[in-house]
Amino acid sequence: MSKLLEVKGLTYRKNLKTILEDVNLDVDSGKIIALLGENGAGKTTLMRVIVGIAKHYQGEVLLNGDGSEVYRKANIAMTDNLKGLSDSTKVGEVEEFYQKLFVDFDSSKFEQLRSFMKLNNDMKLGQLSRGMREKLEIALTLSREAKLYLLDEPFSGIDPMARKRIINSILLWKSPDSTIVISDHFVNEITTILDEVVIVKDKKIASHLSADDIRAKGHSIEEYYESLYADEGAE
Ligand SMILES: Nc1ncnc2c1ncn2[C@@H]1O[C@H](COP(=O)(O)OP(=O)(O)OP(=O)(O)O)[C@@H](O)[C@H]1O
């Protein structure tokens, strides 16, 4: 096990608003980590800074000790909402686009994931339901041979049965030394696969513990997460 990602003293402002303030986070390779926090806590922003899309921050973001955005973009796969692609684009064409864009894109892995997600190549983006679109985003992201995967609320529109199937299969799709960070509001559903839990609150990392340590305190992960926010409600 080795240190994969280091975020040091990260402060990020946008339009005069401080979104993240002095965030420090160390992530090891080979983990599955939940990134939790209420709406607007800054989870998406943190992922965007880590992957190198959100720029002009203070502090350092290092992947394998390398701080360049080019290196991070090449080695981190983040779900994206396929915004730049028109509704008439077919699933097969999106795959070709990803193949050209990312040298680590593995087409045979995508074929397996696409069939697991029950999507076919002729479906057009405009015809996909929200859940089907999310399944495509997950398939595209996990088809890259990345060191770090950032899944930003990947399951919010996916029906509970399919969600369970996908969550239970995630371990099969990741290489043992890659790390997956999942931001989610369905805490209970992902707890079985989690190694660690990171909670974002008040612009900072309020807690970063192993799932086993949380359970050793006699809490479920959901109870622990809710207790961190409940403290504030009691003030
Ligand atoms: N372009 C922007 N300009 C100004 N403020 C922004 C911008 N993007 C995000 N924010 C603000 O940054 C904060 C964090 O947003 P972010 O989307 O990172 O939160 P989140 O934890 O992912 O939330 P959610 O769970 O709702 O997806 C919010 O208060 C949001 O209003």
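Where does leucine 16 lie? Leucine 16 is in the loop between strand E1 (3-14) and E2, where helices (H or I, at least four residues) and strands (E, at least two) are DSSP runs numbered from the N terminus.

## Basis of the description

This is a predicted model, in which local features need pLDDT of at least 70 and side-chain atom pairs count only at pLDDT 80 or more, while totals for chains, interfaces and linings use all residues. Residues are numbered from 1 along each chain as its sequence is written.

The UniProt record, in an unreviewed entry, lists residues 5-227 as "domain: ABC transporter"; its positions are given in the numbering used here, feature names are shortened, and annotations may be inferred rather than shown by experiment. The span 5-227 is 36% helix and 26% strand, and its end C-alpha atoms lie 27 Å apart.

Seven of the nine residues of H1 are buried, so H1 is largely enclosed by the rest of the structure; a residue is buried if 20 or more other C-beta atoms lie within 10 Å of its own, exposed if 12 or fewer, and partly exposed in between, with C-beta atoms placed from the backbone. The buried residues of H1 are Lys43, Thr45, Leu46, Met47, Val49, Ile50 and Val51, and the helix is followed by glycine 52, whose phi is positive, near 105°.

Ile50 also belongs to the largest nonpolar core, where, of 59 residues, Ile50, Ile76, Leu150 and Val198 touch the most other members; such a core is a set of buried Ala, Val, Leu, Ile, Met, Phe, Trp, Tyr and Cys residues joined through C-beta atoms within 7 Å. Not counting residues up to four places away in sequence, isoleucine 50 touches Leu5, Val7, Val61, Ile76 and Leu150, a contact being two C-beta atoms, placed from the backbone, within 7 Å.

## Helix H4

In helix H4 (residues 107-116), Phe110, Leu113 and Arg114 are buried. These residues cover an arc of only 105° around the axis, which puts them on the same side of H4; the arc is that of the directions from the helix axis to the C-beta atoms. What covers them includes helix H3 (91-101), helix H5 (130-142) and helix H6 (160-173), whereas the face turned away from the buried side carries the exposed residues Ser108 and Ser115.

## Loop residues

Most residues other than glycine have a negative phi. Leucine 16, although not a glycine, has a positive phi of about 70°, and this residue is exposed, with 5 other C-beta atoms within 10 Å. Lysine 203, in the loop between strand E8 (196-201) and strand E9 (204-210), has a positive phi near 70° and is partly exposed, with 18 other C-beta atoms within 10 Å.

Aspartate 87 lies in the loop between strand E5 (76-78) and H3 and is exposed, with 9 other C-beta atoms within 10 Å. Leaving aside neighbours within four places in sequence, aspartate 87 is in contact with Lys124, Leu125 and Gly126.
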